[in-house]
Amino acid sequence: MFRQLRYTSIVFAVVLLVAAACGPAANPSASPGASASASPSAGGAASTLVIDQDVSDLISLDPAVVYEFSGVLLAHNVYDTLVRFEGTDLSTIKPGLATSWDTKDAGTTWDMTFKLKTGQKFASGNAVTADDVVYSFQRAIKLNKSPAFLFTDIAQLKAESIKASDPSTVVISLPKTASPAAFLTILTFTLGGVVDSKEVKTKETGGDSGSAYLLDHSSGSGPYVVDHWTKNAEVLLKTNPNYAGTKPPLSGILVKHVPESTNQQFALEKGDADVARNLTPQQISALQGKAGVSTTTAASLLLVYVGMNALKPPLNNVNVREALRTAVDYDGIIKDLLKGNGKKIQGIVPLGLAGANETAPFQADVAKAQTLLTQANVGKVTLDFLVPTGTAPGGVAWSDLGAKLQSDWAKIGVTVNIKQQPTADLLTTYRAQQGQLVLINWGPDYPDPDANVGPFTDYKAKSIAYRNGWDDAAIAQKGRDAALITDPAKRVAAYKDITDYVLHNGPYVILYQPTELFGLRSNVKGFNWSSIGWVDFASVTK
Amino acid sequence: MRFVGFLLRRIVGIAAVMIGVSVITFAISHVVPADPAVAALGDHATDAQIAAFRAEYHLDRPLPEQYVTYVVGILHGDLGKSIRTRRAVADDLADSFPATLELSFAALAISLLVGIPAGIWSAIYRGRVPDVIVRVAALAGGSLPVFWLGLIVIGLFYYQLGWLPGGGRLDTFVPPPPTRTGLYVVDSLLALDFDALRSSLIHLVLPSLTLGYFSTAVIARMTRSSMLEVLGQDYMRTARAKGLAERLIVVRHGLRNALIPTVTIIGLTFGSLLSGAVLTETIFSWPGLGRYATASAISLDFPAVLGVTLLAAIVYPVANLAVDVAYYWLDPRIQRG
């Protein structure tokens with residue numbers, strides 16, 4: 001009997017020893033999960049929207065730091081901005097915290113004056129003042145995280161040129177080389193989110209401007225506040241009790257980290273999720289006609305394209321590049337590979353932004369492409385083609401897209417050797433101008449045509465034009481000039497000129513603009529996805 | 001004294017393993033041609049941002065210097081900062097490891113509770129129907145891929161039948177218990193939070209069955225073969241000759257001896273459960289170490305990958321050490337060396 005007991009206790013000891021060995025790691029005293037339990041649970045299933053989404057990109061909820069899809073979606077609903085776009089419209093800037101604004105030519109600078117609405121409050125109960133705006137913008141510049149370049153590079157904004165002239169007036173001066181129109185669109189982005197300076201200052205530790213606190217807490221005046229973020233599991237937003245606008249119909253927004261799209265589909269069909277964010281085109285088709293479920297699509301501002309490095313012969317020959325563009329079967333890609341989840345666009349500005357050019361002259365013209373190759377007189381063309389691993393925007397495997405292009409080009413006698421690489425590897429090569437043909441996508445940093453025209457035309461910006469070795473000083477200058485035009489109609493006309501030129505002279509094959517797909521419960525209404533990458537939760541009902 | 005020497009030799013061995021693992025992992029992760037700064041910042045980042053990022057993570061220093069910095073950090077209890085999450089790797093591990101540990105314990109419990117009796121049963125009824133059932137089930141356990149099995153059980157028990165939850169650690173509107181160990185079952189017991197306890201237990205069922213199936217099969221087969229060997233021993237015949245009850249013979253004389261090899265593989269099994277958790281965690285939306293490791297590897301997050309590797313490298317030898325120590329007491333022949 002005694003020996004038997006000893007056996008049992010040994011088995012136990014083994015398990016306990018292993019547990020003890022892992023002890024230090026298993027004691028997450030700093031775990032944010034601990035704070036989650038201290039807060040009351042959400043108002044229950046009926047008034048909480050449950051979104052199943054892959055949020056592995058989430059690193060912070062701080063408006064000065066977020067630049068990832070999940071973080072932007074959440075921070076947008078927590079922090080108000082001076083100006084905003086409403087719903088899905090990206091053409092008209094509407095009042096946010098600012099009730100009016102005005103741009104004045106002050107000789108060497110643009111002086112932009114913003115008048116704040118009265119009666120706006122932060123979740124803490126503090127009033128929103130001009131000092132909060134100044135603090136927030138200066139904080140973003142000081143922290144200098146991923147999105148800060150929008151202020152410092154694009155708007156060329158300096159911390160000292162942001163001032164409060166009185167408690168409800170903010171004056172911001174921009175150099176004449178920056179575009180006031182682009183700056184206004186930047187202000188609609190989460191980087192322009194206004195934080196409660198009084199509260200955040202009390203949370204500062206070691207000169208971090210409160211970024212450790214705002215990582216997983218909120219201090220904004222938007223319709224929602226951050227209730228908790230359990231790392232790798234979920235984020236819960238609850239309504240802001242001091243919100244000055246109309247009280248949102250839903251009291252909670254729960255974003256659950258569900259990486260597998262199959263689980264998202266199951267949960268949606270079972271009613272355990274209200275929104276499934278990462279469904280494939282096949283899953284969306286499978287959901288058609290099922291009870292209690294609906295699907296919706298939304299525009300995105302992404303462009304999927306092939307970069308052709310003009311430094312690598314024969315791609316330095318404009319006729320070779322035109323031949324490659326001419327040979328591609330764009331309609332086939334959208335119809336067969338994307339199952340319709342994409343739009344045909346061949347210019348460098350996506351549909352939905354001012355200046356989008358809908359001219360689409362190319363479509364699988366083998367004879368014309370061969371004539372162009374003959375004119376180029378470069379002999380047999382063989383090229384390396386870098387293709388990312390995984391899934392391209394629109395839901396098609398990058399490899400399938402690469403294979404389709406390979407077969408289209410084979411028809412005109414061009415041989416491409418596909419080399420598939422993880423995106424990070426591919427980008428390392430691409431950034432160093434070492435690619436020949438590179439399949440990849442691009443999304444604008446802010447909803448303004450300049451966010452595409454600059455990178456695609458300006459070699460000196462060391463972005464896309466640089467990576468493809470395309471140094472065309474004249475078109476780059478035209479792009480910089482267009483950014484500064486204040487008359488909207490003249491600006492659109494200038495972009496038409498530029499995009500028409502790039503269409504035939506640039507080193508790009510613009511393939512398509514993908515569509516975003518969502519699975520929803522049928523009772524979810526008002527889920528209007530903006531192509532910037534967010535939805536106003538305050539307008540959603542269920 | 002002999003025991004202390006044995007223990008010391010083992011601990012020195014573990015230290016050597018750790019150094020080896022850290023050097024190899026460090027070297028491998030740094031020969032990847034891609035730039036982790038590019039992976040972290042994406043294709044929109046300016047050269048200045050990338051340079052600043054490389055400086056922040058010492059990626060601009062020579063490789064040996066980076067390694068020394070890293071080791072010095074570890075000796076000070078600092079595993080570095082994750083490139084992907086921008087948090088201390090130690091904090092990330094502390095967040096995700098308990099979830100994996102809980103899942104692995106549950107899977108191990110299932111393996112022992114099901115695997116050992118199944119193995120005994122199979123041995124006693126050798127060649128007959130129960131044996132065939134156990135052997136077929138064990139063969140399936142050894143050959144079914146985890147991701148396939150996981151999707152099938154979710155499809156059946158969650159989607160079709162609706163008996164069990166399809167993922168996560170708790171029901172949507174059940175708040176987690178106050179964190180003490182990070183193991184929800186333990187924490188909810190400590191807090192006497194029976195809602196959370198019930199919810200965390202039912203959420204463990206499908207993932208731990210999926211994860212534990214393979215090790216259950218291994219343990220069942222191991223128990224069966226060692227039990228068969230023991231059943232043929234002279235002392236078993238003697239016990240029968242003495243007229244002891246069959247049940248007593250099997251349990252007291254047979255099982256006790258047959259369990260020795262099974263104890264050996266528990267340590268190994270526990271280690272394999274931790275690594276098997278990668279797929280299981282992804283399928284069951286389980287916020288554990290496996291998923292953290294996958295996401296880190298994809299984004300070339302060297303500090304995080306190294307942290308996970310070192311943690312796994314500790315768990316394996318420590319589990320084996322625990323088994324050895326158990327052996328040392330269990331089998332006097334080892335003590336005599």
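This is a predicted model: local features need pLDDT of at least 70, side-chain atom pairs count only at pLDDT 80 or more; totals for chains, interfaces and linings use all residues.

Residues are numbered from 1 along each chain as its sequence is written, and chains are lettered from A and ligands numbered from 1 in the order in which they are written.

Helix α1 of chain B (residues 2-31) has 30 residues and spans 44 Å between its first and last C-alpha, close to the 44 Å expected at 1.5 Å a residue; the expected span is 1.5 Å times one less than the number of residues. Helices (H or I, at least four residues) and strands (E, at least two) are DSSP runs, numbered from the N terminus. The number of buried residues in α1(B) is zero, so this helix lies largely in the open. Buried denotes 20 or more other C-beta atoms within 10 Å of a residue's own, with C-beta atoms placed from the backbone. By contrast, seven of the 10 residues of α12(B) (residues 289-298) are buried, so that helix is largely enclosed by the rest of the structure. Among them are B:Arg291 and B:Tyr292. Just after α12(B), B:Leu300 adopts a positive phi of about 55 degrees.

In chain A, β6 (residues 162-166) and β7 (residues 169-175) pair in the antiparallel sense over four bridges; pairing requires at least two DSSP bridges. The two strands form a hairpin with two residues between them, and A:Asp166 stands opposite A:Thr169.

Conventions:
A residue is buried if 20 or more other C-beta atoms lie within 10 Å of its own, exposed if 12 or fewer, and partly exposed in between; C-beta atoms are placed from the backbone.
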